[in-house]
Amino acid sequence: MIHRPRRLRTTPAMRALVREGALTPANLIYPMFVREGISEPTPISAMPGQYQHTLESLADAAREAVEAGVGGLMLFGIPAHTDPTGSQATSPDGILNRGLRVLREAVGDRAVIIADLCLDEFTSHGHCGVLDSEGRVDNDATLPIYAEMAVQQAKAGAHMLGLSGMMDGQVAACRAALDAAGHTDVAILSYAAKYASGFYGPFREAVDSQLKGDRRAYQMDPANRAEAMIEVELDLAEGADVVMVKPASHYLDVVADVSAQIAAPVAAYQVSGEYSMLEAAAANGWIQRERLIAESLTSIHRAGARMIATYWAVEAARMLRNSL
Ligand code: PBG
């Protein structure tokens with residue numbers, strides 16, 4: 001036998017020497033939730049270890065994440081009042097915009113502050129856009145609202161906007177509005193290939209979602225792989241700086257396709273259901289929790305994602321630091 005691949009696996013140093021690349025804490029994005037009208041952080045039962053924050057606890061948790069080395073903080077807001085057009089999303093005093101100011105004040109430029117840009121937390125019907133007279137999500141009527149959200153989020157201090165609504169033309173609409181308002185340096189992370197996934201289940205509790213029905217008329221069909229490239233290319237042409245694939249673990253083929261075909265940075269979102277399933281199995285003693293956190297993140301990185309949004313960001317950052 002001439003070829004023995006096991007030679008390069010003999011010691012930890014040998015394995016480290018030939019490792020194809022490793023994730024660093026700076027590549028991790030921590031999704032966080034701020035809720036209006038609560039006085040204490042509220043645990044999210046389906047996502048053990050995650051909280052709906054007050055403005056105060058948000059600042060503390062953000063500082064802790066940055067101390068651990070996490071590179072990005074992605075904020076979702078839960079308003080006390082919703083309405084059909086999601087008016088709290090564009091109000092400068094809406095909870096998300098207030099939370100963004102708190103985050104920027106707390107961490108400055110030490111982490112990339114990313115605002116979730118979507119209407120679903122703010123609308124009384126829970127859809128990501130406004131509805132037409134037939135009750136369908138009205139793509140073109142939603143775009144000016146997203147554009148105004150973009151400007152308010154930039155004013156509130158976001159470095160990057162995470163466009164998660166899956167409206168056609170949303171990147172172009174937000175880019176034009178940002179530039180017209182002088183925010184030429186605020187970057188756009190577009191959820192380009194976002195699938196209509198059951199893995200978002202626990203997130204619905206996290207944001208008190210009012211949705212009845214589903215999002216299959218605007219998010220992608222889980223059966224479609226080639227279509228992801230159409231979405232990605234459109235978003236890049238419209239001015240996206242980073243494109244995201246979501247969910248991550250069950251969509252690694254898509255992460256790999258996109259990463260291989262474009263030069264722009266690719267992000268992947270390890271979503272709530274991916275987190276909750278593993279936490280639940282670990283709580284039952286069925287799997288080794290830390291080992292699988294590391295393995296799941298490594299797999300997403302191996303598929304080509306340069307950055308990963310994960311609810312384990314803080315813990316994983318500490319694990320990565322300790323392993324260096
Ligand atoms: C919608 C949005 C969702 C998630 C992030 N942004 C839910 C959805 O599209 O239904 C899910 C994130 C997760 O499950 O962790 N703006």
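1. A nitrogen atom of the ligand lies 3.3 Å from an N or O atom in the side chain of Lys 246, a polar contact (a pair of N or O atoms within 3.5 Å). Oxygen atoms of the ligand take part too: one is 2.8 Å from an N or O atom in the side chain of Lys 194, and an oxygen is 2.8 Å from an N or O atom in the side chain of Gln 219. The protein covers 100% of the 400 Å² of accessible area that the ligand has on its own (Shrake-Rupley method, 1.4 Å probe).

2. On provenance: this is a predicted model, in which local features need pLDDT of at least 70 and side-chain atom pairs count only at pLDDT 80 or more, whereas totals for chains, interfaces and linings use all residues. Residues are numbered from 1 along each chain as its sequence is written, and side-chain values use heavy atoms, with hydrogens and water left out.

3. The charged end of Lys 194 sits over the ring of Tyr 200, at 5.6 Å from its centre. The criterion is NZ of Lys or CZ of Arg within 6 Å of the ring centre and within 35 degrees of the ring normal.

4. The structure holds 9 aromatic pairs. Rings of Phe, Tyr and Trp (its six-membered ring) pair if their centres lie within 6.5 Å; planes under 30 degrees apart count as stacked, over 60 as edge-to-face and the rest as tilted. The centres of Phe 76 and Phe 203 are 5.0 Å apart with the planes at 75°, so this pair is edge-to-face. Because Phe 76 belongs to strand β4 (residues 72–78) and Phe 203 to helix α6 (residues 201–206), the pair ties together parts 127 residues apart in sequence. Helices (H or I, at least four residues) and strands (E, at least two) are DSSP runs, numbered from the N terminus. Phe 76 and Phe 203 are both buried (under 20% relative accessible area, 1.4 Å probe, protein chains only).

5. Tyr 191 and Tyr 269 form a tilted pair, 6.2 Å centre to centre with 55° between the planes. Tyr 191 is in strand β7 (residues 187–194) and Tyr 269 in strand β9 (residues 266–270), 78 residues apart. Tyr 191 has 1% relative accessibility and so counts as buried; Tyr 269, at 1%, is likewise buried.

6. Ring pairs link Phe 33, Phe 76, Tyr 191, Phe 203, Tyr 269, Tyr 275, Tyr 311 and Trp 312 into a cluster.

Conventions
Buried means under 20% relative accessible area, exposed over 50%, partly exposed in between (1.4 Å probe, protein chains only). A polar contact is a pair of N or O atoms within 3.5 Å; within protein, one must be able to donate a hydrogen and the other to accept it, and residues adjacent in sequence count only if both atoms are side-chain atoms.
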